[in-house]
Amino acid sequence: MVSAAEQMAANSSWSAFGKATELRKRILFTIGLLIIYRLGTFIPVPGIDGAELRQFMETAAQGIGGMRSMFTGGALGRMGIFALGIMPYISASIIVQLMTAMVPALEQLKKEGEQGRKKINQYTRYGTVGLATLQSYGLAMSLVSGGLVQADIGTGFFVASCMITLVGGTMFLMWLGEQITARGVGNGISLIIFVGIIAEVPAALAQFFSQGRSGAISPAVIIGVILMVVATITFVVFMERALRKIHIQYPRRQVGMKVYDGGSSHLPVKVNPAGVIPAIFASSLLLLPVTLQTFSSQNAGPVMSTILAYFGPGQPLYLIFFAGMIIFFTYFYTYNVSFKPEEVADNLKNQNGFIPGIRPGKRTAEYLEYVVSRILVLGSGYLALVCMLPEVLRSEFAIPFYFGGTSVLIVVSVTMDTIQQVQSHLLAHQYEGLIEKSQLSGKGRKRARRKGTARK
């Protein structure tokens, strides 16, 4: 049966949206900050030679430079003040999450509630500054060694100014994301990445259709690619919404003289609990050899040449290791960060909940691990398939496919999350309207009763 909340969400219309003034303000606030972000991607770092930079980025597009340029909305390719994007913050967040799962002191800090969360966020910000500083220094030295800096600017002055600009841009983006999360709609960090990916879509579509007009791509291939994109997005939406519900039973409880019947609920376990994190890890590690060869001038030694020959993008070993690392990181991140069977079993035991037929405590943890291990077979396979499909199409069949698997996952998951938050705001507004109407009708009934009593 459909719940009342789902019925209200289905009945949400433009009229209800027009009456939700608070939601409109939040959406306009979010759009305004995202426009500021897009404008910042076009402001260049001082001292860059634009012509040499474009030529260099065409070479670096096969490595991490291409992936980072996509995530930054082209800011890296233009060497804008947001060239590092929000990725240092995401990397620091992932590292802190993994350390929280492995370091007992941080794990205890996580259990301290709001104060512990603030402390962990502070550590994440410190990590962001450290990672952004290291990445900005490496990027500045790469620009200097590649001859991409104007000749009349000193090396030391350029490196210092470039590092300050890029680190400041990353911290400003982190602040923008936090403001969107607190005062806007959706997760601010995810929306910044989402806008960066979507911003490059029009240019990619224009290039794709221009190849069709010139005859480089047949109309059948164009139609096939469009249908494949639609099918891939539909498949990702279906898998991201897929859940395995574990039945939870609560016993009867007595409060004072009253006895309350035991209730039941479900513990939802997503088919893909790790999200897009395994794909980002695997892509970054496998593209590292190509990036090192690109940034270390074009002279590669025999060892690097052999590695590139076997593990370059599109090679069979590259695809095998890509799939294997996605599967490994899916299990690793799920059991260490996103879903810990021992913690879930302890929480159920503390709440007097249990799985029918399973003893609370250790047996429940073993059962949850058993269920999640089999769910992850499907989840990790799904991640590997979505991430490898564009690589196979580009390398084996020479079919242009702009979206990578990682970007598809990010775009779909952020879109679904934002839509759900908008619906929750609409539901809250409708509930407030219903409460106000009930209060007004209650006051009207009281007045009618008073008038009837006075007449008598």
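Which residues make a nonpolar surface patch of about 410 Å²? Select Leu28, Ile31, Ile35 and Leu39, and you have that patch on screen. To join a patch, a residue needs over 30% relative accessible area and no salt bridge, and nonpolar side chains (Val, Leu, Ile, Met, Phe, Trp, Tyr) are linked within 5 Å. A salt bridge here is a side-chain nitrogen of Lys or Arg within 4 Å of a carboxyl oxygen of Asp or Glu. Areas come from the Shrake-Rupley method with a 1.4 Å probe, with only the protein chains shown counting as cover for residues.

Before moving on, note that this is a predicted model, in which local features need pLDDT of at least 70, side-chain atom pairs count only at pLDDT 80 or more, and totals for chains, interfaces and linings use all residues. Residues are numbered from 1 along each chain as its sequence is written, and side-chain values use heavy atoms, leaving out hydrogens and water.

**Stop 1: Leu28.** Zoom in on leucine 28, in helix 3 (residues 21–40). Helices are DSSP runs (H or I, at least four residues), numbered from the N terminus. Leucine 28 counts as exposed because its relative accessible area is 61%; exposed means over 50%, buried under 20%, and partly exposed in between.

**Stop 2: Gln179.** Next, pick glutamine 179 in helix 10 (residues 155–183). With a relative accessible area of 18%, glutamine 179 is buried. Setting aside neighbours within four places in sequence, glutamine 179 is in contact (heavy atoms within 4.5 Å) with Phe29, Leu33 and Gly184.

**Stop 3: the core.** Now select Ile86, Ile246 and Leu409, which touch the most other members of the 69-residue largest nonpolar core. Such a core is a set of buried Ala, Val, Leu, Ile, Met, Phe, Trp, Tyr and Cys residues joined through side-chain atoms within 4.5 Å. Helix 19 (residues 362–396) gives this core its largest share, eleven residues. Another core, of 19 residues, lies apart from it, and includes Val45, Leu84, Ala132 and Val149.

**Stop 4: Ser145.** Finish at serine 145 in helix 9 (residues 114–145). Serine 145 is exposed, with a relative accessible area of 55%.

Notes
Buried < 20%, exposed > 50% of the residue type's maximum accessible area, 1.4 Å probe, protein only. Helix = DSSP H or I, 4+ residues; strand = E, 2+ residues; numbered from the N terminus. Patch = residues over 30% accessible without salt bridge, like charges linked within 9 Å, V, L, I, M, F, W, Y side chains within 5 Å.
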